[in-house]
Every structure is written in C-alpha cells, then in structure tokens.
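Please examine the structure shown below together with its sequence.

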Amino acid sequence: MADPSFQRSYDVFLSFRGEDTRNSFTAHLYKELRTKGINTFIDDDKLERGDVISSALVAAIQNSKFSLVVLSENYASSGWCLEELVKILECMRTMGQRVLPIFYDVDPSHVRQHNGKFGEALAKHEENLRTMERVPIWRDALTQVANLSGWDSRNKHEPMLIKGIATYIWNKLFSRSSNYADQNLVGIESSIREIKSLLFTESLDVRMVGIWGMGGIGKTTLARAVYNQISHQFEACCFLENVSDYLEKQDFLSLQKKYLSQLLEDENLNTKGCISIKALLCSKKVLIVIDDVNNSKILEDLIGKHGWFGIGSRIIITTRNKQLLVTHGVNEVYQAEKLNDDNAVELFSRYAFKKAHPIDDYVELSQCIVVYAQGLPLALRVLGSFLFDKSKRQWESQLDKLKKIPKKEIQDVLRVSFDGLEDNERDIFLDIACFFQGHDKDYVMEIFRSCGFFPDIGIRVLIEKSLISVVENKLMMHNLLQKMGREIVREASPKEPGKRSRLWIHDDVNHVLTKKTGTEEVEGISLDLLKEHIYCPINRDGLLVPALSAVVFGSRIPDWIRYQSSGSEVKAELPPNWFDSNFLGLALCVVTVPRLVSLADFFGLFWRSCTLFYSTSSHASSSFDVYTYPNHLKGKVESDHLWLVYVPLPHFINWQQVTHIKASFRITTFMRLNVIKECGIGLVYVNEELNYSPFSPPPNESSVVLQEIHGEGSSGSGSSNIDGSESENSDYYSADEGEPSAPLL
C-alpha cells in the first residue's frame with residue numbers, strides 16, 4: 001500500500017523500446033498525455049545505456065502514479081527495458097503504483113508465455129554471462145505484466161487508441177487526486193452543473209462563458225472544478241490563474257508566452273515579434289480558462305473573437321467586473337453566489353475541525369463565524385484555518401477583534417475591487433458602506449446628485465463590479481465589503497476620528513463635536529439624534545450641517561416663523577443687529593398639498609431636501625444642503641401636512657456678517673411630484689436661563705413638535721399637541737391649534 005504522504009513527481013512513467021516506437025507510437029502517446037495536462041516522464045534517448053538502470057530513472061519510476069509499458073516486438077531484447085519493468089512491478093507491489101501494459105503489434109500470449117520474438121530475446125540473454133542470472137527474474141516480470149489489463153493495438157485505429165489511453169489515464173488521475181480536494185468543495189455541485197450546461201460542450205460552435213462575482217465568492221474554485229471535469233474532451237487546454245496579479249509582476253508578453261506554451265505544449269516557444277494567435281489555434285479544439293480578468297486588453301489580445309479557435313472550443317472567463325464580459329460579447333454570464341448557511345457551516349468546519357460539522361463545544365461559536373462571513377467561501381476558509389486547534393477563549397477573542405478590525409487576508413482580496421475604482425466611484429462606495437447600507441436607492445441618489453457624484457453611472461459601476469446590489473430598491477452590500485469600506489476610512493486616522501472622511505459611530509461623532517477636533521478631512525457624518533437617522537453631508541466648500549425634522553398635521557405655517565412665501569422658495573432680509581449670543585439656529589417649514597400628498601401616502605415615502613443660501617455685507621455668498629431621512633406616513637392622508645426642520649447653528653459661518661438668507665425646498669414622492677404649497681424660515685433664539693446642548697431643539701413651545709414627534713418628554717399612551725394638550729391616539733400633532741404667538745425673540 002502506498003504511503004499517503006509520499007509526494008510523486010509525475011503522473012505517468014513511459015517504458016518503451018526506443019528503436020521500435022520512440023519516434024512513432026510513443027511520441028504520439030506522450031504528446032496526447034501532455035496535451036491533457038498529464039505530467040509524463042519520458043527518458044532521454046541520449047542517456048547512457050547499460051545493464052543497470054540509472055538512479056534518476058529509478059526515482060522517476062518511484063515518483064510516478066502510473067506506469068505505461070509499451071511492449072513492442074524488440075522490448076525484451078533490451079536488458080535496460082527489462083530492468084525497468086522489474087522496478088516498475090516492484091513499485092506496483094510495494095507502493096500501489098498502477099501498471100498498464102500496451103501490446104503494440106504483439107500477441108499478449110507471446111509476452112506471457114515467452115514465445116516468438118520475446119522467447120528469442122530471452123534465449124539470447126541466457127547465453128550472455130553478464131545477464132544469464134537475471135533471466136528468470138525477467139521471465140517472471142514479463143509474465144506478470146502480460147497478466148495485467150491493458151490495450152492490444154492490433155487491428156485498432158492508432159490515433160483513436162492513443163486518445164482512449166490518454167482519456168482513461170486522465171479520468172483515473174482525476175478521481176484519485178481530487179478525492180481530498182472534493183471534500184472541501186462544499187455546496188457548489190449545482191453551480192458546476194449550471195456552468196457546464198451554459199458551456200454546452202455537445203455543440204460544435206465556439207462558446208465563451210463568464211463567471212462573475214465579488215472577490216472571495218469562489219469564482220476560481222468553480223472554474224477549476226469545471227475545467228477538471230471537462231478538459232479531457234479537448235485537444236489542448238490552458239488554465240491561466242489570477243492573471244491580474246500576474247501582470248502586476250510580469251509583462252504582457254510573458255503572460256502571452258505562458259498562454260501559448262500551455263496550449264501548444266512547447267516551453268521553448270519563441271513569442272518575439274508579431275504572433276497570430278488565431279493562426280496558431282484556429283484548427284484546435286481548445287479549453288481555455290482566464291481567471292481574474294480586470295482589463296479588457298487581456299481578453300482582446302488573448303482570446304479575441306470566437307473565430308480564433310477551432311470548432312467545439314470553450315473559453316471560461318472569471319472576473320469581478322460584469323461589464324468586461326458584456327463588452328467582449330461572451331455567450332453567457334453566470335453569477336457566482338454565496339453559500340447557504342448549512343453549506344457555510346460545513347465548509348468552515350472542514351477547515352476549523354477537519355470534519356463536516358463543528359465539535360459540540362464550538363457549535364455556537366462556529367455559528368457566530370458563519371454569520372460574520374455571510375456565506376463568503378474565502379472568509380470561511382481563512383477563519384477556519386486560523387481557528388483550527390485553538391481554544392474557546394482564543395475563538396472568543398478573535399470574534400471580539402473581528403467586530404473592530406477585519407481579518408487582513410480577507411480584506412486584501414476584497415480591496416482589489418475598490419482599488420480599481422475611479423475617485424468618484426470610491427466616494428459613492430464609501431458613503432454607502434458608512435451611511436446608506438439598506439437605504440432607499442432613490443433617496444440616496446438624490447443626495448449623491450447634490451454632492452456632484454454622478455450616481456447614475458457610479459451606482460451602475462459598483463453593481464457591475466459586484467461591490468453592491470439593489471434589492472427591492474434598497475442599496476445592499478455584503479457585510480464584509482461594508483466592513484472593508486469602513487476599515488479603509490478608519491485606517492486614514494486610526495486614533496483621531498476628526499481626521500477621517502466619514503463618521504458613523506456615536507462615540508466618534510460625540511468626540512469630534514464635543515472636543516471640537518473636526519478637520520477639513522471630514523466629509524460626512526451619520527448620527528442618531530432623537531431616534532431619527534440624519535445624514536449630514538459636507539457640501540463642496542467642506543461645510544457640515546446636521547438637522548432635525550418632523551412631519552405633522554397642519555395647513556399653515558406658524559406665525560413665529562417670520563419669513564413666509566408661497567411656492568418652494570423663501571427669502572429673508574435680516575434686520576440690523578439680528579445676531580446675538582442667544583441665536584440657536586434656523587427653523588424651516590413647508591406646507592404640502594393634500595391631493596398630491598395622498599400619492600406619497602400610497603407609496604409611503606417622502607424625499608425631502610433643502611438648500612440654504614446666505615450672503616454677507618461684503619456681498620459674498622455661499623450655500624449648504626440639508627438632508628433628512630424619509631418619513632413613513634401611517635394611515636390615510638386627507639389633509640395638509642407641515643414639514644418642520646430645525647437646523648442648529650452652523651458654527652463655520654460668521655453669522656454677524658450675514659444679511660440675507662434664502663431657502664429652496666424640494667419634496668418629491670415616488671411619482672416625482674412637487675408637493676410644496678408654502679414655505680417659511682425663522683430665527684430661533686434661546687432663553688439665557690436655560691442650559692442645554694446646541695444640537696437639541698430650542699427650548700420654546702415651538703420645539704415641542706420636534707421633541708414629542710420622537711416620543712421625548714411624553715408619558716402614557718397619549719401624546720401632546722403643540723399647545724400641550726393630550727391627543728389619545730395620534731402619531732401626528734396639529735400646528736394649527738394653540739400655537740404660540742412667537743418664539744423667544
């Protein structure tokens with residue numbers, strides 16, 4: 001029985017009589033074996049011959065999985081060949097090597113019974129004093145090999161015989177060498193079947209099929225599994241793995257040489273000068289896999305058009321970028337999918353426990369890892385290998401670490417897609433990762449448009465590069481891609497959040513705002529104020545504007561909102577000395593039209609935004625945008641509504657010099673209808689005796705709406721109206737009843 005740890009150097013050892021078949025049958029057999037990717041040893045005809053075979057040949061025999069013995073007419077006349085045969089049969093007995101005889105134009109019974117040319121050759125060896133003692137051993141060896149199953153070449157079509165032998169060897173090698181690997185190919189059987197159906201190898205046309213998906217999803221694994229199962233059907237095969245990484249280290253000519261050398265079975269191929277791949281391959285039925293393509297030039301120069309290859313050829317391309325496949329005109333695109341939970345547990349267990357399921361004490365911890373990996377095979381393999389043979393305490397420590405710092409081996413693979421983005425696309429990706437995962441696509445697109453991000457093309461690029469997806473009109477990304485994006489932001493300034501481009505963790509936001517450590521690097525903040533998520537974009541001048549908002553019943557703007565106008569725009573010419581230390585910020589309000597709001601109620605969402613323009617005594621002007629998250633309206637909307645917005649004092653503006661303010665509002669629904677009837681802008685001041693955070697609503701009665709719309713300051717099941725009275729069963733509050741005459745001005 002063979003030692004399972006023994007490492008063999010060759011798939012096949014060829015034993016043959018050189019003068020009989022070296023330049024004919026054996027040469028053709030060797031070429032066919034190599035074409036199918038079978039690593040075959042054939043001895044050099046320049047080797048010095050003698051009665052004792054060399055140590056190099058002994059090693060080659062020992063380090064081969066199969067031995068093919070070509071028993072031709074003059075095979076037994078060579079003591080060298082007979083000694084090879086003895087050693088081959090010894091390896092069969094002691095190491096489990098497979099030995100397959102090929103009776104080339106000889107009768108197997110002549111070999112077995114030592115008749116004909118074989119008997120004559122053995123008789124001559126008996127007359128030779130140097131070899132006579134070896135003859136009994138050689139006779140026994142010939143009898144043994146003749147009793148083995150093999151091939152009789154007589155009355156056979158030689159090319160078909162050679163192809164059949166090579167196919168048989170390939171199938172045996174595949175079933176033997178892949179047993180261990182197949183144990184770790186979990187949950188991809190259906191994917192392999194689907195890809196094979198797309199390839200449709202029964203057809204004589206040339207077909208190109210793309211495998212598309214995010215990094216680490218298992219594209220290469222799928223391509224390799226399919227390649228292994230079908231490559232024996234082709235005249236020439238080539239698997240170029242990870243070409244994008246290869247081209248970072250080598251030039252394209254080197255890749256082209258590697259490509260053609262595999263297909264043409266010529267390691268010394270001269271690829272200098274202009275080479276026509278079409279001319280070289282147009283008559284060959286080839287199987288080509290080009291893995292991890294990130295540049296259209298690779299496809300244009302290596303696989304060109306379908307007409308470059310012989311009938312029945314198949315080309316498989318793996319990539320993270322679907323657009324590359326579409327542009328090149330592949331026949332089909334298969335999208336690689338993440339593993340389901342059961343398969344994810346099994347794959348993880350194969351690496352973490354070397355079995356198909358977790359051990360008893362680690363079931364719950366394993367489930368935590370599976371939830372973290374979200375079906376990504378790369379993450380399951382990396383984490384499983386890392387946690388193998390570690391204690392429960394070490395597992396728990398690693399899980400805690402993963403919550404804050406992603407595993408570098410995983411991040412490095414995922415980051416390749418991010419690094420290939422344009423600057424504008426990177427901004428969109430990072431904003432989604434930090435702020436907008438799971439948010440409505442249309443709402444987010446409005447924000448991106450105002451920031452000058454060109455989201456219509458940018459979002460599409462991210463989808464095509466498998467970085468995000470859109471599910472039920474919500475922007476989604478894999479959990480590990482989101483962690484990668486957030487880690488990219490964190491890496492810019494690990495210890496000082498005020499120097500990061502985006503802030504989304506409450507403690508970081510609190511630190512930056514209370515310690516005043518923010519810098520011009522900050523581009524956006526997401527925080528949870530009064531239970532409502534608010535995105536605070538930085539405009540093109542680098543200005544940060546947080547805001548609070550609420551939607552309430554009401555048909556007219558409160559009187560204390562001093563500047564009012566019909567339509568969606570209001571201007572305010574401020575009085576002299578309007579600014580003092582009690583100024584808190586701005587109160588904005590719009591009234592919506594009931595007939596059009598009912599459409600918004602049907603679809604359930606408002607998208608609201610406002611641009612504030614301000615100018616100073618020196619006639620300098622600027623602006624900033626304010627966004628709030630969509631409100632979900634409950635119940636049937638049959639009356640006017642007010643949208644109230646409070647914008648705390650933006651400290652980056654020198655308010656003492658501001659003389660004019662203008663507010664321009666936009667409210668759209670699913671139907672893209674403008675629903676603004678009136679709008680207004682007011683100044684909010686604070687009573688000096690009160691002390692509270694500048695990011696809270698102002699402490700006058702007008703702020704009750706903002707406080708209580710989020711459930712703050714109320715008790716019991718009822719709710720207070722703006723005048724302080726109880727409302728038993730309403731989520732909204734009237735701005736028409738009991739409103740104060742004015743805020744504290």
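How many aromatic pairs does a search of the whole structure find? The search returns 20 aromatic pairs; the model searched is a predicted one. F579 and F583 make up an aromatic pair of the edge-to-face kind, with 5.8 Å centre to centre and 65 degrees between the planes. The pair counts as edge-to-face because its 65 degrees between the planes is over the cut-off of 60. The two partners can also be described by their accessibility. F579 has a relative accessibility of 25% and counts as partly exposed, whereas F583 is buried, with a relative accessible area of 3%. Both residues belong to a cluster, in which ring pairs link W578, F579, F583, Y614 and W655.

Rings also take part in arrangements with charged groups. The charged end of K354 is placed over the ring of F388, 4.8 Å from the ring centre. Another lysine, K407, lies over the face of F386, and here the distance from the ring centre is 3.5 Å.

K354 leads on to a further residue, S349. Which residues does S349 touch, not counting those up to four places away in sequence? They are K354, K355, A356, H357 and P358. S349 itself is found in helix 17, which covers residues 341-352. Is S349 buried or exposed? S349 counts as buried, because its relative accessibility is 0% and the cut-off for buried is under 20%.

The next subject is the nonpolar interior. In soluble globular proteins, nonpolar side chains tend to be buried together. In this model, the largest nonpolar core has 80 residues, and the members that touch the most other members are F348, F429 and I432. Helix 22, residues 423-436, provides the largest share of this core, with 8 residues. Apart from this core lies another, of 31 residues, which includes C81, I88, M95 and V135.

What is F429 in contact with, leaving aside its neighbours within four places in sequence? The contacts of F429 are F418, L421, L462, L467, M477, L481, M484 and G485.

Some totals place these details within the whole protein. The secondary structure comprises 28 helices and 26 strands. Of the 745 residues of the protein, 52% count as buried. Among contacts between residues at least 6 apart in sequence, 74% join residues at least 24 apart. The accessible surface of the protein comes to about 35300 Å², and carbon and sulfur atoms account for 48% of that surface.

Most residues other than glycine have a negative phi. N155, a residue other than glycine, has a positive phi, near 60 degrees. N577 is not a glycine either, and its phi is positive at about 60 degrees. Where does N155 lie? N155 lies in the loop between strand 5 (151-152) and helix 8 (158-177). N577 is found in the loop between strand 18 (569-573) and strand 19 (583-592). Are these asparagines buried or exposed? N155 counts as exposed because its relative accessibility is 84%, and N577 counts as exposed because its relative accessibility is 75%; the cut-off for exposed is over 50%.

Note on methods: Residues are numbered from 1 along each chain as its sequence is written. This is a predicted model: local features need pLDDT of at least 70, side-chain atom pairs count only at pLDDT 80 or more; totals for chains, interfaces and linings use all residues. Side-chain values use heavy atoms; hydrogens and water are left out. Rings of Phe, Tyr and Trp (its six-membered ring) pair if their centres lie within 6.5 Å; planes under 30 degrees apart count as stacked, over 60 as edge-to-face and the rest as tilted. Buried means under 20% relative accessible area, exposed over 50%, partly exposed in between (1.4 Å probe, protein chains only). A charge sits over a ring if NZ of Lys or CZ of Arg is within 6 Å of the ring centre and within 35 degrees of the ring normal. A nonpolar core is a set of buried Ala, Val, Leu, Ile, Met, Phe, Trp, Tyr and Cys residues joined through side-chain atoms within 4.5 Å. Helices (H or I, at least four residues) and strands (E, at least two) are DSSP runs, numbered from the N terminus. Contact means heavy atoms within 4.5 Å. Accessible areas come from the Shrake-Rupley method with a 1.4 Å probe; for residues, only the protein chains shown count as cover.
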